[in-house]
Number of protein chains: 2
Amino acid sequence: MRDTPYLAVDLAILDRNLTEMARSAQARGLALRPHAKTHKCVQIARRQVALSGGGLTLATVAEAEVFADAGFDDVFLAYPVVASGPRARRLRDLAERVTLRVGVDSSEGAELLAAAVPGLEVLVEVDSGHHRTGVVPDRAGEVAASARALGLQVAGVFTFPGHSYAPGERKSAAADETLALSVAASALRAVDIEPRIRSGGSTPTAALSDGEVLTELRPGVYVFQDAQQAELGSTDLADVALTAVASVVSRGRDRAVLDSGSKVLAADRAAWATGHGRLPDFPDARVVALSEHHATVTFAGPAPAVGERVRVAPNHVCTAVNLADELVVVDGGVEVDRWRVAARGANT
Amino acid sequence: MRDTPYLAVDLAILDRNLTEMARSAQARGLALRPHAKTHKCVQIARRQVALSGGGLTLATVAEAEVFADAGFDDVFLAYPVVASGPRARRLRDLAERVTLRVGVDSSEGAELLAAAVPGLEVLVEVDSGHHRTGVVPDRAGEVAASARALGLQVAGVFTFPGHSYAPGERKSAAADETLALSVAASALRAVDIEPRIRSGGSTPTAALSDGEVLTELRPGVYVFQDAQQAELGSTDLADVALTAVASVVSRGRDRAVLDSGSKVLAADRAAWATGHGRLPDFPDARVVALSEHHATVTFAGPAPAVGERVRVAPNHVCTAVNLADELVVVDGGVEVDRWRVAARGANT
């Protein structure tokens, strides 16, 4: 028996999630370039690449360095990388080791990239409604032209339709994604740049992304799924592959306090979430409060006793995984392996 | 120059915060047993113990193992530790290496502790209004008597007045703390147990805790302070010793996106917080959105340019520190050291 709290991955559910996404992308002729920031594990990335035959998406140079060290040779950094300071040299070294593409959404960013890695391939990031990074789609041509003028190779456009993370918004976010990438592609063609890569996708929209306008999907969370995907209706609690195994440390009649706090589950909580995670084995239970080492859970019936163990699906699995040094791999209820979270904390 | 994002500690502010809390506790005759879960750094714990002459508070056996390895010999685990599985043996080993006390709030918990470490010193946890772990104060005698009957040594009572983490609640939470510990102490005396330790304290209430009823304070956050302490009025942004150094990666006219996302700042956000952290150098700026590698900030004036660096105070510094492998120590604007977050991820 292992001391709680720890993160456990159900291998059968993981493999089902991986296979289903690969099948769904292939059925639409879409390349699948999964975002490995979710799991940060070499073992899972190998399974993904074996299924998709393609490369990985990552967010940071440090993450890419970890996966390059593990032998992965095709990386897209879906992020407007600022190539200043030591990162300029690190990016150049990385470009010599792997097929590398990087996001760009400003002429200032493009200048730094061009100085750091002459001739680097870039994709212009466009905002499809999430309003984070990315330019409005009809400005994509302008950024692309300035990147080209600096000697960068513009391979296409990408977006993250993150506004799909709200109840009832999946379909409209997928439609926004299609429209944004379509407009951005036209904007590139208007300056004589062929956008051969048109990349989108988030886990909530992945099944809905347009197979004509898009060429590539970049979902991340789908490998494990999580409580917020279940509450969005993008998956079912039964398809959640990663849970925190926690112990009851204190209890009342209809409530219990678990040792899986925010230092295990992470504190992510969308305004529409019903709590700080979900218990797949107690669908009516709610995690009503979370502190660093405490999760307070209300139960519909009698709460489990002090010392009993329960499983908690984090709200947002990406940030939960980033707190752990390793994932415990379980198959048929038996511990079969431990996978290092190799890129944990690789933020730079 | 170091690649962003990273966590920087201003040594002068840190030392000022440490000294002021030690002085404030001493002025009231209170022992100071700081909660080292906030910083998880041996170097800071050494400074704390040098000032207080006392021991440390920690939350988990794994944290205590790290600090015991570093030579600390007096630990209170302010948590209802469940001493089952491998943890039973680990707790016994720990009790042989350090002066150890542990929290208890149930007879089930007491049974496991007594089986794991016969004669262990325990403090009964009482709920002073935070409604997390702990029994109602007038039931403290019952738990204490059951612990004594199992052979445990009951050294006193403790509480965490965590309901002080709400605007305008500091004074009433401190009053609740006094009342709860006073009632609990009487409940122990009623079963002929002298509560020689009466321990309380949170950073918002620490300056207000009663020096007659309490014997000991256990604040944690005060070493660094953070955005939520500033917004509670428990400190000033100028007293925040730890900030994330971040780069602007994308910008609009009055907004910028920084590379310090929830994998650096942590996602903790109380309902009353103005955003996902604060910028000490831009008091009017607000962190309006946070994702894993993006912090979207609105500025009262023109936003800084792509590539510029800004400092962000996390909402909750304990969970931000737990994401980092090291803290960069800065004195007078110059990097002077790096401290390992030795107990990062030590959750079991």
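Student: By what turn can chain B be laid on chain A?

Tutor: This is a predicted model, and in it chain B goes onto chain A with an RMSD of 0.0 Å and a shift of 0.0 Å along the axis. The two copies are thus related as by a two-fold rotation axis.

Student: Which residue of chain B comes closest to the rotation axis?

Tutor: Go by the C-alpha atoms here. The closest one in chain B sits at 2.6 Å from the axis, and it belongs to Ala267(B).

Student: Does chain A agree with or depart from a compact globule in its radius of gyration?

Tutor: Chain A has ten helices and 16 strands, and its C-alpha atoms fill a box of roughly 70 × 40 × 35 Å along the principal axes. Of its 348 residues, 63% count as buried. A compact globule with 348 residues would have a radius of gyration near 20 Å, so the value for chain A agrees, at 21 Å.

Student: Which element gives the most to the lining of the second largest pocket?

Tutor: That pocket holds about 510 Å³ of space. Its lining has 25 residues, and those closest to the centre are Gly345(A), Ala346(A), Asn347(A), Thr348(A) and Asp325(B). Elements giving two or more residues are β1, α9 and β15 of chain B, along with one helix of chain A. The top contributor, with three residues, is α3(A).

Student: And how many charged residues does that lining have?

Tutor: Sort the lining of the second largest pocket by class. You get 13 nonpolar and three polar residues, and the charged ones number nine.

Student: Where is the cis peptide bond that involves Pro5(A)?

Tutor: Most residues other than glycine have a negative phi, and most peptide bonds are trans. Pro5(A) lies in the segment before β1 of chain A. With omega near -5°, the cis bond runs from Thr4(A) to Pro5(A).

Student: Is His131(A) buried or exposed?

Tutor: His131(A) has a positive phi of about 55° without being a glycine. Its place is the loop between β6 and α6 of chain A. Exposed takes over 50% relative accessible area. His131(A) has 53% relative accessibility, so it counts as exposed.

Student: What about Gln225(B), buried or exposed?

Tutor: Gln225(B) also isn't a glycine, and its phi is positive at about 60°. You'll find Gln225(B) in the loop between β9 and α8 of chain B. The cut-off for buried is under 20%. Gln225(B) has a relative accessible area of 8%, so it is buried.

Definitions and conventions
Residues are numbered from 1 along each chain as its sequence is written. Chains are lettered from A and ligands numbered from 1 in the order in which they are written. This is a predicted model: local features need pLDDT of at least 70, side-chain atom pairs count only at pLDDT 80 or more; totals for chains, interfaces and linings use all residues. Side-chain values use heavy atoms; hydrogens and water are left out. Copies are superposed by least squares on the C-alpha atoms of residues with pLDDT of at least 70 in both. On a 1 Å grid over the protein atoms alone, a cavity is a set of points where a 1.4 Å probe fits but cannot get out, and a pocket is an open set with protein on both sides within 12 Å along at least five of seven lines; lining residues have an atom within 4 Å of a point. Grid points are joined across faces, edges and corners, and a volume is the space filled by probe spheres set on the points. Helices (H or I, at least four residues) and strands (E, at least two) are DSSP runs, numbered from the N terminus. Ala, Val, Leu, Ile, Met, Phe, Trp, Tyr, Cys and Pro count as nonpolar, Asp, Glu, Lys and Arg as charged, and the others, Gly among them, as polar. The radius of gyration is taken over C-alpha atoms; the globule rule is 2.2 Å times the number of residues to the power 0.38. Buried means under 20% relative accessible area, exposed over 50%, partly exposed in between (1.4 Å probe, protein chains only).
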